[in-house]
Amino acid sequence: MGHRHPSRLKNSEVSHARARWLLRAELAGCEECRGEGDREALADLASGGVFDSLITGFVLSRVQQWRVPGRAPEYPATVYRIAPVDERDFWRESTQHCMRVCTVEGARGSSVDTVPALRELRLMSTADRTFVLDDIIDGLSEDEA
C-alpha cells in the first residue's frame with residue numbers, strides 16, 4: 001500500500017502531478033519514493049512531462065530570485081546567461097549545458113522554452129541526466145525550505 005508525503009509546495013510552476021509528488025518525497029526524505037520518482041522523471045523527457053515540469057518550475061522560481069533592482073534583463077535569454085556566476089558554478093557540467101540551451105521568454109521572463117534542454121537530455125547518458133535532475137531538485141528544495 002502506498003503512502004503520502006504531506007506538504008504544501010510553494011512553487012506553483014511545478015505543475016505536473018508526478019513532479020510535485022517527487023518534490024514532496026524529496027522534502028519528506030523518503031528514499032523509496034525519491035528513487036521511484038527519479039526513475040520516472042529520467043524516463044519522461046517529453047514536453048509537458050515530469051522532467052519538463054521540474055525544469056520549468058526551477059527556472060521560473062530562480063528568475064524571480066535573480067532579478068536585480070534597477071536592471072531588467074532582456075528576454076528571450078538563456079538561463080545560463082542570466083544566472084549569477086556563483087549559481088552557475090554550483091551546477092554540474094551537464095546542468096550547465098542544459099541551461100545554455102534553455103530559454104526564458106516573455107516580457108517579464110514569465111515562460112520557459114525547455115524543448116532544446118529536453119532534446120539535450122535525451123542525448124545524455126543516464127548518469128548525466130541524473131546530475132541535472134539532482135541539481136534541479138536541490139534548487140527546488142531550497143526554494144521550499
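This is a predicted model: local features need pLDDT of at least 70, side-chain atom pairs count only at pLDDT 80 or more; totals for chains, interfaces and linings use all residues.
Me: Which residues of helix 8 meet helix 2, and is the crossing left-handed or right-handed?
Reply: The crossing of helix 2 and helix 8 is right-handed. By class, their contact has 4 nonpolar, 1 polar and 4 charged residues. On the side of helix 2 the contact involves Arg34, Asp38, Ala41 and Leu42, and these meet, in helix 8, Arg129, Thr130, Leu133, Asp134 and Ile137.

Me: How many residues of each class does the contact of helix 3 with helix 8 have?
Reply: Helix 3 passes helix 8 in a left-handed crossing. The residues that helix 3 brings to this contact include Phe51, Leu54 and Ile55, while those of helix 8 include Val132, Ile136 and Leu140. Divided by class, the residues of the contact are 9 nonpolar, 4 polar and 5 charged.

Me: Which helix gives the most residues to the lining of the largest cavity?
Reply: A search of the whole structure finds 1 cavity of 30 Å³ or more, and about 30 Å³ of space lies in the largest cavity. Its lining consists of Phe58, Arg62, Glu87, Phe90, Trp91, Asp135, Gly139 and Glu142. The elements that give two or more residues to this lining are helix 3, helix 5 (85-90) and helix 8. The most, with 3 residues, comes from helix 8.

Me: How many residues in the lining of the largest cavity are charged?
Reply: Among the lining residues are Arg62, Glu87, Asp135 and Glu142, and Arg, Glu and Asp count as charged. The lining divides into 3 nonpolar and 1 polar, and the number that are charged is 4.

Me: Which residues of helix 7 make the contact with helix 6?
Reply: Helix 6 (residues 93-101) and helix 7 (residues 115-123) pack at an angle of about 145 degrees, with axes 7 Å apart, and their crossing is right-handed. The contact has 5 nonpolar, 1 polar and 1 charged residues. From helix 6 come His97, Cys98 and Val101, and from helix 7 come Pro116, Ala117, Glu120 and Leu121.

Me: Is the peptide bond from Tyr75 to Pro76 cis or trans?
Reply: Most peptide bonds are trans. Pro76 lies in the loop between helix 3 and strand 1 (77-78). The bond that runs from Tyr75 to Pro76 has omega near 5 degrees, and it is cis.

Notes
Residues are numbered from 1 along each chain as its sequence is written. Side-chain values use heavy atoms; hydrogens and water are left out. A crossing is left-handed if the near helix is turned anticlockwise from the far one by less than a right angle, and right-handed if clockwise. Helices (H or I, at least four residues) and strands (E, at least two) are DSSP runs, numbered from the N terminus. Contact means heavy atoms within 4.5 Å. On a 1 Å grid over the protein atoms alone, a cavity is a set of points where a 1.4 Å probe fits but cannot get out, and a pocket is an open set with protein on both sides within 12 Å along at least five of seven lines; lining residues have an atom within 4 Å of a point. Grid points are joined across faces, edges and corners, and a volume is the space filled by probe spheres set on the points. Axes are lines fitted to C-alpha atoms, for helices over the stretch in contact, and angles run from 0 to 180 degrees between N-to-C directions.
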